Amino acid sequence: MWELRSIAFSRAVFAEFLATLLFVFFGLGSALNWPQALPSVLQIAMAFGLGIGTLVQALGHISGAHINPAVTVACLVGCHVSFLRATFYVAAQLLGAVAGAALLHEITPADIRGDLAVNAPGQQVPLLCLSLQYFLACSIPGPLDKSPDVSDKSCTISVATRVSAQLSNSTTAGQAVTVELFLTLQLVLCIFASTDERRGENPGTPALSIGFSVALGHLLGIHYTGCSMNPARSLAPAVVTGKFDDHWVFWIGPLVGAILGSLLYNYVLFPPAKSLSERLAVLKGLEPDTDWEEREVRRRQSVELHSPQSLPRGTKA
């Protein structure tokens, strides 16, 4: 339980809380349906990818910047973190995600916030071009038969809503779980590979690689599920809006994908040279915290240097 006595551990837990808060705030914010500029798939993918890349670069040296319960579970399966650290990390991530979504909900106008981009199988895809809305509005039978005034915001919203409902796909819960599994699998493989210190060649910047991996997942996953890859990202808007339809999909899919990715990398593709006892020591938290030990050594040295007993005999303090 040395981790609980470590200031570095407390900072790492807080860093996970802060990083997940910011990630959810900026990620969900990029998917809000502002009538004058409806979000595109590319915009959302870039926002989530850039968000992860930025936060990994900013906070990765403090906590590892997991920002995702699935990633933390993958690290636990690979014996990279202890049970205690994984528990605190997941709790911090979930709290940070909900805090980020609640903050976004409060500062966003009621007619814009909608469902805060909550994940759901068969995610609706908003139309991206106002001219396309105008064209489709003229061809859809019903109250929109007459040519609408595209400068009218209410008309734009109504057109987008009707067409979005028609374009919504029929992804089943089982298909959604499978998609989330593979999206998270590629993310976890990328994380382990880009942060592996055993690689001889220069692997590049992990923050950039991980950001690209997240963006890649969104480019495909948005059409199926809205793209989660992260249970905290899915839980946050669900808690704030109270919409938990098929919410289990966004826990089972990412967690199973993360576990498979960790097993593949750490035990099949590139297993580390660790004995079973060393792996168990990490999981139990028996491995010493280097930072904490170094601080203790410096503290003792400081005490000894300023202690009267440490002065040579015959020397006046």
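**Entry 1**

I found that the axes of α1 and α4 come within 7 Å and cross at roughly 35°. Axes here are lines fitted to C-alpha atoms, for helices over the stretch in contact, and angles run from 0 to 180 degrees between N-to-C directions. Helices are DSSP runs (H or I, at least four residues), numbered from the N terminus, and strands are runs of E with at least two residues. I noted that α1 and α4 cross in a right-handed way; right-handed means that the near helix is turned clockwise from the far one by less than a right angle. By class, 19 nonpolar, five polar and two charged residues make up the contact of α1 with α4. Nonpolar covers Ala, Val, Leu, Ile, Met, Phe, Trp, Tyr, Cys and Pro, charged covers Asp, Glu, Lys and Arg, and polar covers the others, Gly among them.

I reminded myself that this is a predicted model, where local features need pLDDT of at least 70, side-chain atom pairs count only at pLDDT 80 or more, and totals for chains, interfaces and linings use all residues. Residues are numbered from 1 along each chain as its sequence is written, and side-chain values use heavy atoms, with hydrogens and water left out.

**Entry 2: aromatic pairs**

How many aromatic pairs does a search of the whole structure find? I got six. Rings of Phe, Tyr and Trp (its six-membered ring) pair if their centres lie within 6.5 Å; planes under 30 degrees apart are stacked, over 60 edge-to-face, and the rest tilted. The ring planes of phenylalanine 9 and phenylalanine 88 stand at 70°, with centres 5.4 Å apart, so this pair is edge-to-face. It links distant parts of the chain, 79 residues apart: phenylalanine 9 is in helix α1 (residues 7–29) and phenylalanine 88 in helix α4 (residues 83–107).

Buried or exposed? I checked phenylalanine 9, and it is buried at 3% relative accessible area, while phenylalanine 88 is partly exposed at 35%. Buried means under 20%, exposed over 50%, and partly exposed in between (1.4 Å probe, protein chains only).

Phenylalanine 23 and phenylalanine 48 are also edge-to-face, with 5.4 Å between centres and 75° between planes. Both of these residues are buried.

**Entry 3: a cluster and a charge**

I saw that Phe192, Tyr265 and Phe270 form one aromatic cluster. Arginine 198 lies over the face of phenylalanine 270, 3.9 Å from the ring centre.

Methods. A charge sits over a ring if NZ of Lys or CZ of Arg is within 6 Å of the ring centre and within 35 degrees of the ring normal.
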